[in-house]
Amino acid sequence: MDKIRLAIVGCGGMGHRHMYGLAELCHVGWQRFDLVGACDPIIENAESLAKQAEERFGKRPTVVENLEQLAAVGVDAVDVTTTPPYHHTVAVETLGRGWHTMVEKPMGLTVRACNLIRAAAESSDAVLSVAENYRRDPINRLAKALLNVEVIGQPRFLIHHAIGGTNRMLISVWRHQKDQSGVLLDVGVHYADIMEYLLGEIDTVYAQTRLHEPIRHNPAAITGDSGSNPAGVYTEWQRKMPAEFEATAEDAAYATLTFKNGVVGQYIEDHGAWGQGSWMRQIHGSQGSMTLPGDRSGRNISLQIDGKGTINDESILDLVPNFQLDAVTTDLFGGDRLCQYDLPFTDTDAKIIAIEYGDFAEAIAGNRPIEVDAYKGTRSVAVSYAMLESGASGEIVQINKMLDEAINSYQHEIDNGLGI
């Protein structure tokens, strides 16, 4: 099989993380891609990625500044890891060129931006994939298998709490700007996707939202401490960012969710909380409960089942005898039936991004449909914005009205800024 000629478009922190994931995939023998291009209008970012790629692959991808130059290189597929405002402009063009396209989450900066990508994907023969990673975690795969066989009975309600953050910058300045992808979108799409992966589609959202910390502080510019820095790749960029800046995007949402299957969710996502932090994802059913560990932590699921007590060790696998991880995940994590793993976060991050690439390659080859397609990617954005729309209007918001853009008061200003 000929290798897929791939370019990474957007060579900042996330682009580097994706390149590490691609290297991890190749390291375990899944050499489906040939990284031929590093594309970024900030040429030093592309040069950095190309240099590190050469160290890992023994071959330096061609550095270019735009898609026109990339076309001259000759590519079959692109991985779009730009900042969110450019996701739709890049993806619409790459799909129009017939290039298979993987887009980092959030798929688009607004629901309308997502719908533009969806339309482009529907009119193209190319594959469109959204790089959503939490569901790829082997422990979340196990959780889904346990729910499928109803080990806790019929799910009834979900508690999802992510609380902390104080007034520190989360990774970068743009993640605190409404017109760039505020934290409730940037992080919220992860949570929206994993909730729908585990429990099915969300139907309605009723939320209160707040901007608790209008001034954010960047430790990297003050003390050199990088603070929030997934995979440790953002330090050089963070040190160039302002030490203090104004946040324009809400940093907290408190919501009640209803799912189409009748499950009710209590959701708290607060990135401006002080004191004791908290993280919880717990599902209660008609026969027991499931407490999940943090995504990408590798820790155990804990079950409390009527008549069986607590189950939080390898015996949990006995409840799902048919559970088996896919071949790519098995090779990356060293087993096809995992209930825990113990890896540094940088390794886990690369492996889970590698799974995204594996899924992308399999879909391009026609071996299976893409897992997180344009519809699912759009839904995650719609659920995240439903909280912001509800917070602004004080009303219950239906997700179907988000998807068809019947509700877009909060997003209207952002769409205008994008010119869409």
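Let's start with Arg 368: with a relative accessibility of 33%, this residue counts as partly exposed. Keep in mind that the model is predicted. The side chain of Arg 368 meets that of Asp 359 in a salt bridge, 3.3 Å from N to O, and Asp 359 is buried at 2% relative accessible area. Both belong to a network of salt bridges that also takes in Arg 32, Arg 135, Arg 136, Arg 141, Asp 193, Glu 362 and Glu 371.

The structure as a whole holds 26 salt bridges. Here are three of them:

| Salt bridge | N to O distance |
|---|---|
| Lys 105 and Asp 186 | 3.1 Å |
| Asp 359 and Arg 368 | 3.3 Å |
| Arg 112 and Asp 415 | 4.0 Å |

Lys 105 sits in the loop between β5 and α5 and Asp 186 in helix α7, so their bridge ties together parts 81 residues apart in sequence. Both of these residues are buried. The Arg 112 and Asp 415 pair links helix α5 with helix α15, 303 residues apart. Here Arg 112 is partly exposed at 25%, while Asp 415 is buried at 2%.

Now for the rings. There are 6 aromatic pairs in the whole structure. Phe 33 and Phe 360 have ring centres 6.1 Å apart and planes at 20°, so they count as stacked. Phe 33 is in strand β2 and Phe 360 in helix α12, so this pair ties together parts 327 residues apart in sequence. Phe 33 is buried at 4%, and Phe 360 is buried at 0%. Ring pairs join Tyr 357 to these two in a cluster.

Charges meet rings as well: Lys 178 lies over the face of Tyr 410, 4.0 Å from the ring centre, and the charged end of Lys 144 sits over the ring of Tyr 197 at 5.7 Å from its centre.

Conventions:
Residues are numbered from 1 along each chain as its sequence is written. This is a predicted model: local features need pLDDT of at least 70, side-chain atom pairs count only at pLDDT 80 or more; totals for chains, interfaces and linings use all residues. Side-chain values use heavy atoms; hydrogens and water are left out. Rings of Phe, Tyr and Trp (its six-membered ring) pair if their centres lie within 6.5 Å; planes under 30 degrees apart count as stacked, over 60 as edge-to-face and the rest as tilted. Helices (H or I, at least four residues) and strands (E, at least two) are DSSP runs, numbered from the N terminus. Buried means under 20% relative accessible area, exposed over 50%, partly exposed in between (1.4 Å probe, protein chains only). A charge sits over a ring if NZ of Lys or CZ of Arg is within 6 Å of the ring centre and within 35 degrees of the ring normal.
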